[in-house]
Amino acid sequence: MRRPKRGLIVREPYAGWIVDGVKTWEIRKHPTRVRGPIGIVSGGRLIGQVDVAGVEGPFSAEELRAHEERHRAGAFLEAYARGAPLWAWVLENPRRYSVPLPVPPRRGRMLWVDLAEVPWPGSDQTEP
């Protein structure tokens with residue numbers, strides 16, 4: 001697997017479910033053009049990576065109820081959507097790192113983090 005250049009910030013337990021392959025859709029308020037490997041960052045640590053394979057949607061929160069086994073968001077969807085359409089980022093090839101890597105802190109609310117400053121073990125530019 002290639003080393004990801006950017007990381008998506010995701011709360012637990014969702015981040016763990018993504019890197020363990022349990023959650024295969026990440027629900028967001030906007031689609032993304034990003035494809036390929038991304039890191040999954042939670043609690044200031046890069047815990048693994050996954051490939052963004054595509055985007056599906058838009059969906060209403062009600063339509064997404066039929067896909068609970070993919071997104072695992074449960075009742076959270078209604079409050080998150082607030083009536084707006086939602087998009088499913090399709091995730092593939094999950095991998096949890098055996099040792100999470102510290103991600104330098106940034107100020108403010110962020111969706112993505114640049115992983116260029118993450119101290120990767122070794123110098124082969126691959127994930128741990």
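These legends go with a set of close-up views of a predicted model. Local features need pLDDT of at least 70 and side-chain atom pairs count only at pLDDT 80 or more, while totals for chains, interfaces and linings use all residues. Residues are numbered from 1 along each chain as its sequence is written, and side-chain values use heavy atoms, with hydrogens and water left out.

**View 1. Six strands line up in an open sheet.** The order is S2-S5-S4-S3-S1-S6, with mixed pairing. At the edges sit S2 and S6, each pairing on one side only. From one strand to the next, the twist averages 40° (axes are lines fitted to C-alpha atoms, and angles run from 0 to 180 degrees between N-to-C directions). Strands here are DSSP runs of E with at least two residues, helices are runs of H or I with at least four, and both are numbered from the N terminus. Two strands pair if DSSP finds at least two bridges between them.

**View 2. Strand S2 meets strand S5.** S2 (residues 25–28) and S5 (residues 86–102) run antiparallel, joined by 4 bridges.

**View 3. S1 and S3 pair up in parallel.** Here S1 (residues 6–9) and S3 (residues 36–42) share 3 bridges. Leu 8 has Ile 40 in S3 as its bridge partner.

**View 4. His 71 is tucked away in helix H3.** H3 covers residues 68–71. His 71 counts as buried because its relative accessible area is 0%. Beyond its neighbours within four places in sequence, His 71 is in contact (heavy atoms within 4.5 Å) with Lys 23, Trp 25, Ile 27, Leu 64, Arg 65 and Leu 77. A polar atom of the His 71 side chain also lies 3.0 Å from the backbone nitrogen of Ala 73.

**View 5. Met 110 sits in the loop between S5 and S6.** S6 itself is 112–114. Met 110 is called partly exposed because its relative accessible area is 34%. The C-alpha atoms of Met 110 and Ile 9 are separated by 7.4 Å, although the two are 101 residues apart along the chain.

Terms used: Buried means under 20% relative accessible area, exposed over 50%, partly exposed in between (1.4 Å probe, protein chains only). A polar contact is a pair of N or O atoms within 3.5 Å; within protein, one must be able to donate a hydrogen and the other to accept it, and residues adjacent in sequence count only if both atoms are side-chain atoms.
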